[in-house]
Amino acid sequence: MGFSGLDYYGIDDELSDEERMVRDNVRRFVDERIEPIIAKHFEDGTFPMELVPEFAKLGLLGANLEGYGCAGMGDVAYGLAMQELERGDSGIRSFCSVQGSLAMFPIHAYGSEEQKQKYLPGMAKGELIGCFGLTEPDFGSNPTGMITKAEKVAGGYRINGVKRWITNGDLCHLAVVWAKLDGNVRGFIVPRGTKGFSTRKIDDKWSLRASVTSELFFEDCVVDEDAILPGVRGMRGPLSCLSQARFGICWGAIGAAMSCYDTALSYAKDRKQFSRPIAGYQLVQHKLTEMVSEITKAQCLTLRLGRLKEAKKVRPPQISLAKRNNVSMALNIARVARDILGGNGITYAYSPGRHMMNLETVYTYEGTHDIHTLIVGQDVTGLAAFE
């Protein structure tokens, strides 16, 4: 039987037919194509590249962007798709999030028409893979301190710097890179093969192992004048991209939590200790009830966030609140689900341990839990607790 999901408060009744169709199509895809192979890819530290054309066929690359071959989904439909992908694995959702929200979105929002026509159709088809170069070895939570610089030269721009913890970096055909030009942060499209641009995969990690994470190196890398994104200056550019990606993470974390809950519930009903299945004991029922409670609250929170985004009323601190809440919720559920599974919980045969390790990264990337706490804190008090 396929995954049926947890819908304790009848959230499905609040969804349109299109939104349910998107969710159900991606749910079947995860059941049939991701679940059977993902544990092995995680163990081997590999990404299933053969799935990229299938992501494209489902409209998952730039899913909520309009035109240029993109699916033009509503934001809630897009969120539900990310939910199901992360139910399979955070690394799978990360690939699609980075492609759509961090690589395609800035070109779509801030690129010239020539740039859009050149890159977006191929990216929507999965023929061109992009990455997003913002984080540096010494500047993660404080991106304004970036060292990477660009300078104007004859016929273009020379870029020097290093970016680290870049999803899809070693896979990319192009990088959207943020650098300081005359003191202003600007975005540049840097195609692979550009002299002075190189990548290096980061292998020594125990989280997001089915995702490609890399370093990007720019050593006197000269790009043409038409490589710069003309439509934005300053940190508004990269931060708006992060808001797009964080929105997808809010939904994705629910998918990971649902996977852990479903696995723990099924196991607890089958696993017998002493006189009955462990699901019949009060302590286990308390754990399962807490999971249902937290997932249901996250579903209500995130659906409202999606409706705000569709109405173009959402504010970045509202996304921070949901990212902070949902990832913390999912990580706690993964840990408790692993506990319910006992020794079996540390094996690849069950998803909670893998989700638990992945969520340790999701808890940190695209704004740590603490940074999102301070973003919301500043929003409600009017006082910044950081520079």
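Are Arg354 and Asp89 buried or exposed? In this predicted model, Arg354 is buried, and Asp89 is buried as well. The two side chains also form a salt bridge with each other, with their closest N and O atoms 2.7 Å apart, and this pair belongs to a set of 25 salt bridges in the structure.

**The largest pocket**

- Sorted by class, the lining of the largest pocket consists of 18 nonpolar, 17 polar and six charged residues.

**The second largest pocket**

- The second largest pocket has a volume of about 350 Å³, and it is lined by 17 residues, of which Asp75, Phe105, Gln244, Lys309 and Lys312 lie nearest its centre.
- Two or more residues of this lining come from each of the elements α7, α8 (282–310) and α9, and the largest share, three residues, is supplied by α7.
- The lining of the second largest pocket divides into six nonpolar, five polar and six charged residues.
- Lys312, one of the residues nearest the centre of this pocket, is found in the loop between α8 and α9.
- Lys312 is exposed, with a relative accessible area of 77%, and its phi is near 60 degrees, which is a positive value in a residue other than glycine.

**Salt bridges**

- Arg354 and Asp89 form a salt bridge; Arg354 lies in helix α10 (residues 351–362) and Asp89 in the loop between α4 (75–88) and α5, so their contact ties together parts that are 265 residues apart in sequence.
- The side chains of Arg23 and Asp12 also meet in a salt bridge, at 3.1 Å from N to O; because Arg23 belongs to helix α1 (residues 17–34) while Asp12 sits in the segment before α1, the pair links parts that are eleven residues apart in sequence.
- Asp44 is partly exposed, with a relative accessible area of 41%.
- Beyond these pairs, Arg27, Asp31, Glu35, Glu84 and Arg87 are linked in a network of salt bridges.

**A buried arginine without a salt bridge**

- Arg209 lies in the loop between β6 (197–201) and β7 (213–224), and although Arg209 is buried, it has no salt bridge.
- The nearest side chain of opposite charge to Arg209 is that of Asp44, which is 6.7 Å away, while a salt bridge requires the nitrogen and the carboxyl oxygen to be within 4 Å.
- The side chain of Arg209 does reach backbone oxygens, coming to 2.9 Å from that of Lys205 and to 3.2 Å from that of Glu43.

**Asn168 and its backbone angle**

- Most residues other than glycine have a negative phi.
- The phi of Asn168, by contrast, is near 70 degrees, a positive value in a residue other than glycine.
- Asn168 is placed in the loop between β3 and β4 (174–181), and Asn168 is buried, with a relative accessible area of 1%.

**Leu288 and Arg23**

- Leu288 is found in helix α8 and is buried, with a relative accessible area of 8%.
- Leu288 and Arg23 are 265 residues apart in sequence, and in space their C-alpha atoms are 24 Å apart.

Notes
Residues are numbered from 1 along each chain as its sequence is written. This is a predicted model: local features need pLDDT of at least 70, side-chain atom pairs count only at pLDDT 80 or more; totals for chains, interfaces and linings use all residues. Side-chain values use heavy atoms; hydrogens and water are left out. Ala, Val, Leu, Ile, Met, Phe, Trp, Tyr, Cys and Pro count as nonpolar, Asp, Glu, Lys and Arg as charged, and the others, Gly among them, as polar. On a 1 Å grid over the protein atoms alone, a cavity is a set of points where a 1.4 Å probe fits but cannot get out, and a pocket is an open set with protein on both sides within 12 Å along at least five of seven lines; lining residues have an atom within 4 Å of a point. Grid points are joined across faces, edges and corners, and a volume is the space filled by probe spheres set on the points. Helices (H or I, at least four residues) and strands (E, at least two) are DSSP runs, numbered from the N terminus. Buried means under 20% relative accessible area, exposed over 50%, partly exposed in between (1.4 Å probe, protein chains only). Lys and Arg count as positive and Asp and Glu as negative; His and the chain ends are not counted. A polar contact is a pair of N or O atoms within 3.5 Å; within protein, one must be able to donate a hydrogen and the other to accept it, and residues adjacent in sequence count only if both atoms are side-chain atoms.
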